[in-house]
Amino acid sequence: MIANFFNKTKPINFLVLAVLVFIIFLITLFKGTSEPLNFYFFVKTGLFLFLAIATVFVLNFIIRKNSLTEDNSLAILFYILLTSFFPNSFLSEGIFASNFILLFGFRRIYSLRSSLETKEKIFDGAFWIGIASLFYIGSLIYLILVYAAVIIFRKIEWRNFIIPLIGVLTPIFLSFTYLLAFDDLGRFYDLWTVDFDLGMGPYLSSSYLVPLLLMGILSAIAIYPTTKRSLLAKIDFKATWSLLITHIGISLILVFISPDKDGSELVFLFFPISVLFANYLQVINRYWIKELIIYLFIITFIYKLF
């Protein structure tokens, strides 16, 4: 029933998804914040709620434009449910903003599969990554994804290896110039405090372990049949799938090296892994298995609530 409902991309689907984001956001807000209820709090909350709902439509645009799944809204459903597993992704302002900005970069990077405006897409993708890095320094790792796209989509020429550097440095230079003008370079230097931690201890608590096991087991099961199916698809989808797998790998590295493992860093995995899960449901012939997977996610969501 649920799988059948989200197997479409009708307006009612997006209305339901937007309401689901609204509910999860409010639950997260009232359970996880202790900020005073003042004007700044309501303005910031309103902005973040708007961005959280806007994410649904940005994701839909990226997925539809680049044919990452069939004509359904399963990937967006998985993205929202994954977010509900790790609500700190809403509360960590820098990571939340960085992830939202990165989506615009991913939109341009995945669209490199077409031969139109190649250099503009490369620049734009790196430019958005540069902006995202001003909110979370780890975002710079996605510059690797730009170069991977250049190679995978066979846009190999020397200019296309220089353009990403120009694109990513442009917003950083503009930020430096702006803060220099206001004699506030201390803030700029604070942005570039690089730290990392390879410890996995925080993930062993039950609140993280249960959803992580669900994500890990389903990913391990899904990777083979979906990749096998992609090898039988058209050549442009093969390339796109290779980029998606690379995207998952880069995101995993970012999660592993994150200095503060409070669950918010996992948000960088949600987009590519949601597309993986949606494609897996598309290759499953038995309807009850599709329903079972979605119900497992819903049960995990309820478990996390209590």
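Is Asp190 buried or exposed? Asp190 is exposed, with a relative accessible area of 56%, where exposed means over 50%, buried under 20% and partly exposed in between (1.4 Å probe, protein chains only).

Notes on the model follow.

1. Basis. This is a predicted model, in which local features need pLDDT of at least 70 and side-chain atom pairs count only at pLDDT 80 or more, while totals for chains, interfaces and linings use all residues. Residues are numbered from 1 along each chain as its sequence is written, and side-chain values use heavy atoms, with hydrogens and water left out.

2. Asp190. This residue lies in helix H10 (residues 185–191); helices here are DSSP runs (H or I, at least four residues), numbered from the N terminus. Between Asp190 and Met215 there are 34 Å in space, C-alpha to C-alpha, and the two are 25 residues apart in sequence.

3. Core. The largest nonpolar core has 93 residues. Such a core is a set of buried Ala, Val, Leu, Ile, Met, Phe, Trp, Tyr and Cys residues joined through side-chain atoms within 4.5 Å. Phe106, Tyr142, Phe271 and Phe297 have the most contacts inside it. Helix H13 (residues 267–283) gives the most to this core, with twelve residues. Neighbours within four places in sequence aside, Phe106 is in contact (heavy atoms within 4.5 Å) with Tyr142, Leu145, His247 and Phe271.

4. H6 and H13. These helices pack at an angle of about 35°, with their axes 9 Å apart. Axes are lines fitted to C-alpha atoms, for helices over the stretch in contact, and angles run from 0 to 180 degrees between N-to-C directions. From H6 the contact takes Ile95, Ser98, Asn99, Leu102, Leu103, Phe106 and Tyr110, and from H13 it takes Val267, Phe268 and Phe271. By class there are eight nonpolar, two polar and no charged residues. Here Ala, Val, Leu, Ile, Met, Phe, Trp, Tyr, Cys and Pro count as nonpolar, Asp, Glu, Lys and Arg as charged, and the others, Gly among them, as polar.

5. H6 and H7. The axes of helix H6 (residues 93–110) and H7 come within 8 Å and cross at roughly 170°. H6 is therefore roughly antiparallel to H7, a term for angles over 145 degrees. The H6 side of the contact includes Ser98, Arg108 and Ile109, and the H7 side includes Glu120, Lys121 and Trp128. This contact has eight nonpolar, three polar and four charged residues.

6. H7 and H8. Helix H7 (residues 118–133) packs against helix H8 (residues 143–152) at an angle of about 165°, with the axes 9 Å apart. This pair is therefore also described as roughly antiparallel. Ile122, Ala126 and Ile129 of H7 meet Leu143, Val146 and Val150 of H8. The contact has six nonpolar, no polar and no charged residues.

7. Loop residues with positive phi. Glu117 is not a glycine, yet has a positive phi of about 50°. It lies in the loop between H6 and H7 and, at 48% relative accessibility, counts as partly exposed. Arg154, also not a glycine, has a positive phi of about 60°. Arg154 is in the loop between H8 and helix H9 (158–181) and is exposed, with a relative accessible area of 70%.

8. Thr45. This residue is found in helix H3 (residues 39–65) and counts as buried at 12% relative accessibility. Apart from neighbours within four places in sequence, Thr45 is in contact with Phe25 and Leu29.

Methods
Helices (H or I, at least four residues) and strands (E, at least two) are DSSP runs, numbered from the N terminus. Angles under 35 degrees count as roughly parallel, over 145 as roughly antiparallel, 65 to 115 as roughly perpendicular and the rest as oblique.
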